[in-house]
Amino acid sequence: MGVQFLSPQGMMQPVPYHHVAVASGSRHVHVAGQISRDGAGRPVATGDLRGQVAQALRSTGHGLGGAGASFADVVRLTFYVTNWSPERIGDFMAGVEDVAGELGLPQPLPPSSLIGVDHLFEPDVLVEVEATAIVD
C-alpha cells in the first residue's frame, strides 16, 4: 500500500497539509468522528482546544490501529471545531504538534479540512476528528 501526497503548483501555499493524496490499496478504513474522551468515556481537556485536538487524534489513532492502519495510511482528515475563529489556529495547531511524533502524523498533514460549527453533540466537546485511510 502506498499513499503519495501532492501539492501541485498553482494551489495555495504554504498550508500545513497536502492538497492531494493518491492511494493504492484494497481496504478503505473510515474512522468515525473522535472526540476528547478517554477509553472509559470520561472527558479529557475540558475547555482546552489544544488538549482536545491531541486527545481526539489519539483516539483516531486507536481506531486506525484497530483496523490494521496507521496515520501513514490516512488519505483524508476532517476536523469539526466549535465556535471557530481564525484566532484559534495557534491552539489547534499546537494540539496537532503535541502528538505528531507520538502518533506518526505526517508533516505536512494529509489533505485536511477544518470546519467551524456552532456546537457538537455535547456542550464540552470542542473538536471532532474523522479519518479515511486506504490499506492493502
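Helices (H or I, at least four residues) and strands (E, at least two) are DSSP runs, numbered from the N terminus. This is a predicted model, in which local features need pLDDT of at least 70 and side-chain atom pairs count only at pLDDT 80 or more, while totals for chains, interfaces and linings use all residues. Residues are numbered from 1 along each chain as its sequence is written, and side-chain values use heavy atoms, with hydrogens and water left out.

**Stop 1: the whole chain**

Show the cartoon. The chain has two helices and six strands. Read from the N terminus, the order of elements is β-β-β-α-β-α-β-β. The radius of gyration is 15 Å, close to the 14 Å that the globule rule gives for 136 residues, so the chain is as compact as a globular protein of that length. That radius is taken over C-alpha atoms, and the globule rule is 2.2 Å times the number of residues to the power 0.38. Along the principal axes, the C-alpha atoms fill a box of roughly 40 × 35 × 25 Å.

Switch to the surface. The chain exposes about 6900 Å², and carbon and sulfur atoms supply 53% of that area. Accessible areas come from the Shrake-Rupley method with a 1.4 Å probe; for residues, only the protein chains shown count as cover. Buried residues make up 40% of the 136 residues. Buried means under 20% relative accessible area, exposed means over 50%, and partly exposed lies in between (1.4 Å probe, protein chains only).

Now think about contacts, meaning heavy atoms within 4.5 Å. Among contacts between residues at least 6 apart in sequence, 73% join residues at least 24 apart.

**Stop 2: strand E1**

Select Val3, which lies in strand E1. Val3 is partly exposed, with a relative accessible area of 21%. Leave aside its neighbours within four places in sequence. Val3 is then in contact with Ala21, Val22 and Ala23, and also with Ala72, Asp73, Val74 and Val75. Val3 and Pro110 are 107 residues apart in sequence, yet their C-alpha atoms are 9.4 Å apart in space.

**Stop 3: two cis prolines**

Move on to Pro14, in the loop between strand E1 (2-6) and strand E2 (20-24). The peptide bond from Gln13 to Pro14 is cis, with omega near -15 degrees.

Jump to Pro108, in the loop between H2 and strand E5 (112-117). Here a cis peptide bond joins Gln107 and Pro108, with omega about -5 degrees.

**Stop 4: two positive phi angles**

Select Ala45, in the loop between strand E3 (27-34) and H1. Ala45 is not a glycine, but its phi is positive, at about 60 degrees. Ala45 is partly exposed, with a relative accessible area of 24%.

Next, pick Asn83, in the loop between strand E4 (74-82) and H2. Its phi is near 50 degrees, again a positive value in a residue other than glycine. Asn83 counts as exposed, at 54% relative accessibility.

**Stop 5: the helix pair**

Select helix H1 (residues 49-66) and helix H2 (residues 89-103): their axes come within 7 Å and cross at roughly 35 degrees. Axes are lines fitted to C-alpha atoms, for helices over the stretch in contact, and angles run from 0 to 180 degrees between N-to-C directions. The crossing is right-handed. A crossing is left-handed if the near helix is turned anticlockwise from the far one by less than a right angle, and right-handed if clockwise.

Show side chains. H1 contributes Leu49, Arg50, Val53, Ala54, Leu57 and Arg58 to the contact, and H2 contributes Asp91, Phe92, Ala94, Gly95, Val96, Asp98, Val99, Glu102 and Leu103. These residues divide into nine nonpolar, one polar and five charged. Ala, Val, Leu, Ile, Met, Phe, Trp, Tyr, Cys and Pro count as nonpolar, Asp, Glu, Lys and Arg as charged, and the others, Gly among them, as polar.

Stay on H1 and pick Ser59, which lies in this helix. Ser59 counts as buried, at 11% relative accessibility. Beyond its neighbours within four places in sequence, Ser59 is in contact with Gln34, Ile35 and Arg37.

**Stop 6**

Finish at Ala67, in the loop between H1 and E4. Ala67 counts as partly exposed, at 25% relative accessibility. Not counting residues up to four places away in sequence, Ala67 touches Arg27 and Val29. Draw a distance to Leu114. The two C-alpha atoms, of Ala67 and Leu114, are 47 residues apart along the chain and separated by 24 Å.
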